[in-house]
Amino acid sequence: MTRSRAIPALALASALLLAGGPSGLGVPDGPGGLANAAPPVSVVSRGPRTAGRVALTFDDGASPANCRRILATLVARGVPATFFPVADAMRADPAFWRMVVAVGDPIGDHTLTHPQMPTLSAAAQFLQIDGARRLAEAISGAPLLRVFRPPYGAYDATTLRQALRAGFATVLLWDTSDRDTSLHGTVAEMLAAAERATAGSVILMHCGPNATPFVLGPLLDHLAGAGLRPVTVPQLLGISWTGRPAASPPTPAQILDGLSPLPPAPSGGVVIGPAGIGTMTFPPAPPASEAAPSATAEPSPGQPTTAPASASPPASPPAAGSPAPTASPTSPAQDQSAASGPGAALALALLSALLAAAILALGLSRARRR
Ligand SMILES: [Zn+2]
C-alpha cells in the first residue's frame, strides 16, 4: 500500500467505523441483511453422492495468468467451475473476473486478504467476508454467489455467525483436493489426488500455482471417463444462483489474450504473487516473468461431512499452520494486467485500501482493549 493511498484510506476507514459499520460503502447489502433472524448456516464439503456430478472449485487467484489459462481450458471444454478468489487479488486483473461473469461461472467469497479467520475478532471476521463481497462485486460487476469458503478451511462459531450476518448461509469446504499448493508434489501426484473425487465431490484447486493448468486437462479427461459431470457449486448444492452466460461470452483465445495455454514449468507449489497467500497484496507491477517459487499450503479440511451448524459450534477443521510468506518479493503478480480505466482502478484501490485499513483499525482497537 502506498502512502498516498494509505492516508485517505485510514481517514475513510475511521469514518466508516464511526458510522457504525461497513454498510456505508455504497454497495448494496447482501440479501441476508444485517439484522434479520438467522436461518441455520450450512457447513458443506460435498454434494449428494447419488448423482454423478462434481464441482470444480478454484481458490485464491494469485496468478492472473494461470487463472486465464484455467478458464480458457474450462471454456474450451465446455466445463463450468466455481471461483473463490481472495478479493484483494482480483484487483490484479479485473477484466478476467468480468470474463468469469460473462462465461456464467459463479464467484464465491474467500475473504479480502486470506487470514486464519479464527484468529480474528468478530468485527474483523465480518469485515473480511462482507468487505470481500463488496470489493469482488465492484470488480466483477455482478452479485457474488452467497457461498463463503474460509481460507485453509479454518473457521469457528464466530465465523459462521459473521458469515450469516454478511448474507452467507452456506460455508463451503471440500472433500477432495489436488494439493496443488503442496511444496513438494508432482503434477502426477496432484492429478492422482484429484482423481479420488467421487459422485458429489467438491474438488479444491487453485488458480495460482503453475502446476494446476497441467493438472486440469487430464483431470477433465478422467472425470469424463468416470462418468462424473462437473457442475457449478450452486448446481451441486441446490443453491440459488442467477448468473448466466453473456450473449457473447469470451472465447478461449480472448481469455488467453496471447498467453500460452500452459505456464512455463509444471512446478508444484508455485504461487505467483509478491507477498504470498498469507499477506496477499497486488500492487501495480509491470509485466515480467512468471517464474516465482513461493510457499503456501492449503490443507484438506479432513473428512467429508455435510453438517448443519446452527445450534452448536462446529468442529473446526485442522488448522493449517500459519500462512507462509513467499520468498519471492521481487516477482510480479501477473504477466499481464488489465486495467478497467484509471477512474475505476482508483476507486477499487481506494475501496480495498480502506477495507484493509478498517481491518487494521479493528485489530488495534481490539488490542487496546486487552
Ligand atoms: Zn485460499
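Two strands pair if DSSP finds at least two bridges between them. Helices (H or I, at least four residues) and strands (E, at least two) are DSSP runs, numbered from the N terminus. This is a predicted model, in which local features need pLDDT of at least 70 and side-chain atom pairs count only at pLDDT 80 or more, while totals for chains, interfaces and linings use all residues. Residues are numbered from 1 along each chain as its sequence is written.

**Stop 1**

Select strand 2 (53–60) and strand 3 (residues 82–85). They pair in the parallel sense over four bridges. Find aspartate 60, which stands opposite proline 85 in strand 3. Now follow the chain from strand 2 through helix 2 to strand 3: this β-α-β crossover is right-handed, meaning that, with the strands pointing away from the viewer, the path from the first strand over the helix to the second runs clockwise.

Stay on strand 3. Thr82 and Phe84 point one way, Phe83 and Pro85 the other way, and all are buried (20 or more other C-beta atoms within 10 Å of the residue's own; exposed is 12 or fewer, partly exposed in between, with C-beta atoms placed from the backbone).

**Stop 2: the core**

Next, pick Leu71, Ala163 and Ile203, the residues with the most contacts inside the largest nonpolar core, which has 82 residues. Such a core is a set of buried Ala, Val, Leu, Ile, Met, Phe, Trp, Tyr and Cys residues joined through C-beta atoms within 7 Å. Which helix gives the most to this core? Helix 5 (residues 122–140) does, with ten residues.

Select helix 5 itself. Since 17 of its 19 residues are buried, helix 5 is largely enclosed by the rest of the structure. Just after helix 5, glycine 141 takes a positive phi of about 75 degrees.

**Stop 3: helix 8**

Move to helix 8 (residues 212–225), which has 14 residues. Its buried residues include Phe214, Leu219 and Leu223. Among the elements covering the buried residues of helix 8 are helix 7 (187–194) and strand 7 (202–206). After helix 8 comes glycine 227, with a positive phi near 75 degrees.

**Stop 4: two loop residues**

Is histidine 114 buried or exposed? Histidine 114 counts as buried, because it has 28 C-beta neighbours inside 10 Å. You will find histidine 114 in the loop between helix 4 (94–103) and helix 5, and its phi is positive, near 65 degrees.

Finish at aspartate 257, in the loop between helix 10 (252–256) and strand 9 (306–308). Its phi is also positive, near 50 degrees, but with 15 C-beta neighbours inside 10 Å, aspartate 257 counts as partly exposed.

Note on methods
The expected span of a helix is 1.5 Å times one less than its number of residues. Two residues are in contact if their C-beta atoms, placed from the backbone, lie within 7 Å.
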